[in-house]
Amino acid sequence: TDLKLRGIGQVKITNFAGCYAPRKTEIIVQTMGKSGFSVILKAVNHHIQIDQKPLESRLHPMETRRLNKCKSHGFSFVQEPGKNAEEVYDFLQSCREEQNLELSISKVQLLDYLDLFPQNYLIFSVRDGEKLLAATIAIKVHRQILYSFLPGSLKKFNTFSPTVLLNEGLYNFCQNHQYDLLDLGISTKMDGKDQKTLIAFKERMGGVKSDKYFFEKRL
């Protein structure tokens, strides 16, 4: 009622990935439906459960070879300082442009969030010396969950697949900081089309599938 009085005609709600709380997700989907919300997108999400085993024990042999190739060339996983945020953002924007996609957050917004929530917005990368090969903005969603929010790498580095090394670094970070779950995010475009290549890659990384719901209601 308050939103209608303010002239708002539509509400969209993005739920957390089902892996966070499977039973609660079921209840939310049922309740939202009873409240007049419709599901406008059921996206494919992947996560990796953190345990004491190395990530390499879950990798497909193809990704193990790529991981070893990155390491043999001396590439390094880095937790970036906040001062490098603009460089990383520009790199990720270039990665999205190669795929004809847009980043879901502006540079100004990202810098604001990094300033306001430095403990919750973390920047990680893979570098060859000073050169960026892959990067992600990760979000500490919960004390037990780390979400790789904005990952990316350029096509010219595909023969190395530095994202494999990036994900191993994130997994090790989760192990060292007592996280239970690494959320790799969705592999579905907002038009509802699955990114089949990305889904296959995440599953070769040991990713487990769950659903992420997007709801909408017209007031």
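**Figure 1. Asparagine 100, an exposed residue in a loop.** At a relative accessibility of 72%, asparagine 100 counts as exposed, where exposed means over 50% relative accessible area, buried means under 20%, and partly exposed is in between (1.4 Å probe, protein chains only). In this predicted model, local features need pLDDT of at least 70, side-chain atom pairs count only at pLDDT 80 or more, and totals for chains, interfaces and linings use all residues. Residues are numbered from 1 along each chain as its sequence is written, and side-chain values use heavy atoms, with hydrogens and water left out. Asparagine 100 lies in the loop between H4 and helix H5 (107–116); helices (H or I, at least four residues) and strands (E, at least two) are DSSP runs, numbered from the N terminus. Although asparagine 100 is not a glycine, its phi is positive, at about 60 degrees. Most residues other than glycine have a negative phi.

**Figure 2. Glutamine 178, in the loop between H6 and E8.** Glutamine 178 is a residue other than glycine with a positive phi, near 60 degrees. With a relative accessible area of 60%, glutamine 178 is exposed.

**Figure 3. Serine 161, a buried residue in the loop between E7 and H6.** The relative accessible area of serine 161 is 11%, so this residue is buried. Leaving aside neighbours within four places in sequence, serine 161 is in contact (heavy atoms within 4.5 Å) with Glu63, Arg66, Cys70 and Phe201. Serine 161 and alanine 134 are 27 residues apart in sequence, and their C-alpha atoms are 8.7 Å apart in space.

**Figure 4. Glutamate 86, a residue of helix H4.** Glutamate 86 has a relative accessibility of 42% and therefore counts as partly exposed. Not counting residues up to four places away in sequence, glutamate 86 touches Lys107 and Leu111. From glutamate 86 to threonine 136 the distance is 12 Å, C-alpha to C-alpha, while the two residues are 50 apart in sequence.

**Figure 5. The largest pocket, with a volume of about 1400 Å³.** Of the 43 residues that line this pocket, the closest to its centre are Arg96, Gln99, Leu101, Gln195 and Leu198. On a 1 Å grid over the protein atoms alone, a pocket is an open set of points where a 1.4 Å probe fits, with protein on both sides within 12 Å along at least five of seven lines, and lining residues have an atom within 4 Å of a point. Grid points are joined across faces, edges and corners, and the volume is the space filled by probe spheres set on the points. Among the elements that give two or more residues to the lining are strand E1 (10–14), helix H4 (85–98), helix H6 (162–176) and strand E9 (208–218), while H7 gives the most, with six residues. By class, the lining has 18 nonpolar, 14 polar and eleven charged residues; Ala, Val, Leu, Ile, Met, Phe, Trp, Tyr, Cys and Pro count as nonpolar, Asp, Glu, Lys and Arg as charged, and the others, Gly among them, as polar.

**Figure 6. The protein chain, with seven helices and nine strands.** The radius of gyration, taken over C-alpha atoms, is 18 Å, close to the 17 Å that the globule rule gives for 219 residues, so the chain is as compact as a globular protein of that length. The globule rule is 2.2 Å times the number of residues to the power 0.38. Of the 219 residues, 44% count as buried.
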